[in-house]
Amino acid sequence: MNSLKMFVRIALVVAASFARAGDPPAAAPASEALARGKYLVTVAACNDCHTPWKMTAEGPRPDMDRMLSGHPEGMVLPPAPKMPEGPWQNAFAATNTAWAGPWGVSFTANLTPDRETGLGKWTVRNFTETIRTGRHLGRGRELLPPMPIPQYRNFTDEDLAAIFTFLQSIPAVKNRVPDPRPPAAVASVAR
């Protein structure tokens, strides 16, 4: 009996080692996803629009104290300037967080993990569906220019999960971004 028990134990260890050899590799550690997300946020230029810019001695630069917090809630803008006839059709605020064009006025979103004003209550699925569909939470209002959805749709699910992991790791900034404004022609017709 002892040799039978020993044989069974050896067989189980060998079988387990073969089973592990065919298993898919384990998911990347959280630190790898975090580093990948930070890299993708950097090369995708998310800070260019979602971090308010400030004037420095070297010229305008993103204000990293408000990293990825979107358009500052305290910065109330007047109506967008009327663009002249011709090929010029867009204007943007000095903070680079508000854009005006034929679509109306768009304000860049708060991407920090603040639970009331940012992505703090979102899931990776909410984030992925937003990027895939170009709609808020995958089913709400359309994301407006300058958000490069046609390019960002090309991120893999793993890329989007890494980006979301990074966004959830940064300091939360309480900053309620205004709702988009409709085009002036639509606004005047609606009155």
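1. Phe 92 has Trp 99 of strand 4 as its bridge partner, and this pair belongs to the antiparallel arrangement of strand 3 (residues 91-92) and strand 4, which are joined by 2 bridges. Strands here are DSSP runs of E with at least two residues, helices are runs of H or I with at least four residues, and both are numbered from the N terminus; two strands are taken to pair if DSSP finds at least two bridges between them. The hairpin of strand 3 and strand 4 has 5 residues between the strands, and within this hairpin Asn 96 adopts a positive phi near 65 degrees.

2. The model is predicted, and local features are reported only at pLDDT of at least 70, side-chain atom pairs only at pLDDT 80 or more, whereas totals for chains, interfaces and linings use all residues. Residues are numbered from 1 along each chain as its sequence is written, and side-chain values use heavy atoms, with hydrogens and water left out.

3. Trp 99 also has a bridge partner in strand 5, namely Ser 106, and strand 4 pairs with strand 5 (residues 104-107) in the antiparallel sense over 4 bridges. The hairpin that joins strand 4 to strand 5 passes through 2 residues. In general, the strands of a sheet pair through backbone hydrogen bonds, in either a parallel or an antiparallel way.

4. Taken together, 3 strands form an open sheet in the order 3-4-5, with antiparallel pairing. Strand 3 and strand 5 stand at the edges with a single partner strand each, so one side of each is left without a neighbour in the sheet. Strand 4 (residues 98-101) is covered on both faces, since Ala 98 and Ala 100 on one side, and Trp 99 and Gly 101 on the other, are all buried; here buried means under 20% relative accessible area, exposed means over 50%, and partly exposed lies in between, using a 1.4 Å probe and protein chains only.

5. Strand 1 (residues 53-56) and strand 2 (residues 59-62) run antiparallel and are joined by 4 bridges. Met 55 has Pro 60 of strand 2 as its bridge partner, and the two strands form a hairpin with 2 residues between them.

6. Pro 81 is found in the loop between strand 2 and strand 3, and it counts as exposed at 52% relative accessibility. The C-alpha atoms of Pro 81 and Phe 92 are separated by 9.7 Å, the two residues being 11 residues apart along the chain.

7. What describes two packed helices is the angle between their axes together with the distance between the axes. For helix 4 (residues 124-133) and helix 6 (residues 157-169), the axes come within 9 Å and cross at roughly 120 degrees, where axes are lines fitted to C-alpha atoms, for helices over the stretch in contact, and angles run from 0 to 180 degrees between N-to-C directions. Helix 4 and helix 6 are therefore oblique to each other, given that angles under 35 degrees count as roughly parallel, over 145 as roughly antiparallel, 65 to 115 as roughly perpendicular and the rest as oblique.

8. On the side of helix 4, the residues that meet helix 6 are Val 124, Phe 127, Thr 128, Ile 131 and Arg 132, and their counterparts in helix 6 are Asp 157, Leu 160, Ala 161, Ile 163, Phe 164 and Leu 167, contact meaning heavy atoms within 4.5 Å. In helix 4, Asn 126, Phe 127, Thr 128, Thr 130 and Ile 131 are buried, and the buried residues of helix 4 pack against helix 5 (149-152) as well as helix 6. Gly 134 follows helix 4 and has a positive phi, near 75 degrees.

9. Asp 159, which lies in helix 6, is buried with a relative accessible area of 12%. When its neighbours within four places in sequence are left aside, Asp 159 is in contact with Arg 36 and Leu 40.

10. For the protein chain as a whole, the secondary structure comes to 7 helices and 5 strands, and buried residues make up 34% of its 191 residues. Among contacts between residues at least 6 apart in sequence, 58% join residues at least 24 apart.
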